[in-house]
Amino acid sequence: MSKKILIIEDEKNIVDIIKHNLRKEGFTTIEAYDGEQGLALGLNENPDLILLDIMLPKMDGFEVCKKLRQSVNTPIIMLTAREEEVDKVLGLELGADDYVTKPFSHRELIARIKANLRRTDIDDITANKVSEKIQCDNLVIDISRYEVIRDGEVIELTLREFELVKFLAQRQGQIFTREDLLEKVWGYEYYGDVRTVDVTVRRIREKLERDPSNPQYIMTKRGVGYYFNKGS
Ligand code: CA
């Protein structure tokens, strides 16, 4: 089944190019030209991934992102302008999984889309026959079901957040730099911004930890990076 990508972008010529390129790669696309329509399609049309521009009529991309995240875990890639450095971080804070800086190349966009699609990872899991659960004190990470459960309660994580928890939990006690994590979890070595990692860790802590300022799962190694607590 072909993956359905929702494009939320008000510039018709950009939409047309993206649409053309995605269809060439075998994706199905649906388009929205303003924020309200985008939100509605994102909630009702069950897309596999959402490309989300920031400057949009009716409702801006940040607002759309925030509202989508209240009910769906669909991967969201923000389309940001090069000069809007702060937008990248804000988008991630609001629950986007990734961003692509305009102007972007066709190849880059496709690469990011593929990296963010859940399917890729499920294929990897099937190939490696990994069907396991990681237990750490009162936390259970169910790899095949993409679930993190704390004290019997499912914690809602985005795909990227889950991937980061999984990666670190599978290597408990091992410290990774933010650059390492960008490469290993996000899957890119190029122009990745290490703040992406910090923001994602912060978001995970807010969901996972009883006291996010005093974490017990994903730990900071000051001046080095992050690691998953080995537990007691
Ligand atoms: Ca725009």
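Modeller: In this predicted model, a residue counts as buried under 20% relative accessible area, as exposed over 50%, and as partly exposed in between.

Biologist: Is Asp10 buried, exposed or partly exposed?

Modeller: Asp10 sits in the loop between β1 (4-8) and α1 (12-24). Its relative accessibility is 31%. Since that value falls between the limits of 20% and 50%, Asp10 counts as partly exposed.

Biologist: Which protein residues are donors of the calcium ion?

Modeller: The donors lie 2.1 to 2.3 Å from the ion. Along the chain they follow the spacing D-x42-D-x1-M.

Biologist: How many residues apart are Asp10 and Asp53?

Modeller: Asp53 belongs to strand β3 (residues 49-53), while Asp10 is in a loop. At 4% relative accessibility, Asp53 counts as buried. The pair links distant parts of the chain, and the separation is 43 residues.

Biologist: Are helix α2 and helix α3 roughly parallel or roughly antiparallel?

Modeller: The axes of α2 (residues 35-44) and α3 (residues 61-69) come within 10 Å and cross at roughly 20 degrees. Angles under 35 degrees count as roughly parallel. The crossing angle therefore makes α2, relative to α3, roughly parallel.

Biologist: What is the relative accessible area of Arg69?

Modeller: Arg69 is in helix α3. Leaving out residues up to four places away in sequence, it touches Thr74, Pro75, Ile76, Leu94, Gly95, Asp97 and Thr158. Arg69 is buried, because its relative accessible area is 16%.

Biologist: What is omega for the cis peptide bond that joins Lys102 and Pro103?

Modeller: Most peptide bonds are trans. Pro103 is in the loop between β5 (98-102) and α5 (106-116). For the cis bond from Lys102 to Pro103, omega is about -5 degrees.

Biologist: Asn46 is not a glycine; what is its positive phi?

Modeller: Most residues other than glycine have a negative phi. Asn46 is in the loop between α2 and β3, and is exposed with a relative accessible area of 64%. Its phi is about 55 degrees.

Biologist: Where is Asp151?

Modeller: Asp151 also has a positive phi, about 50 degrees, although it is not a glycine. With a relative accessible area of 43%, Asp151 is partly exposed. Its place is the loop between β8 (147-150) and β9 (153-155).

Key
Residues numbered from 1 in each chain as written. Predicted model: local features only at pLDDT ≥ 70, side-chain atom pairs only at ≥ 80, totals over all residues. Heavy atoms only, no water. Axes fitted to C-alpha atoms, helices over the stretch in contact; angles between N-to-C directions. Helix = DSSP H or I, 4+ residues; strand = E, 2+ residues; numbered from the N terminus. Parallel < 35°, antiparallel > 145°, perpendicular 65-115°, else oblique. Donors = N, O, S within 2.8 Å, 3.2 Å for Na, K, Ca; no water. Buried < 20%, exposed > 50% of the residue type's maximum accessible area, 1.4 Å probe, protein only. Contact = heavy atoms within 4.5 Å.
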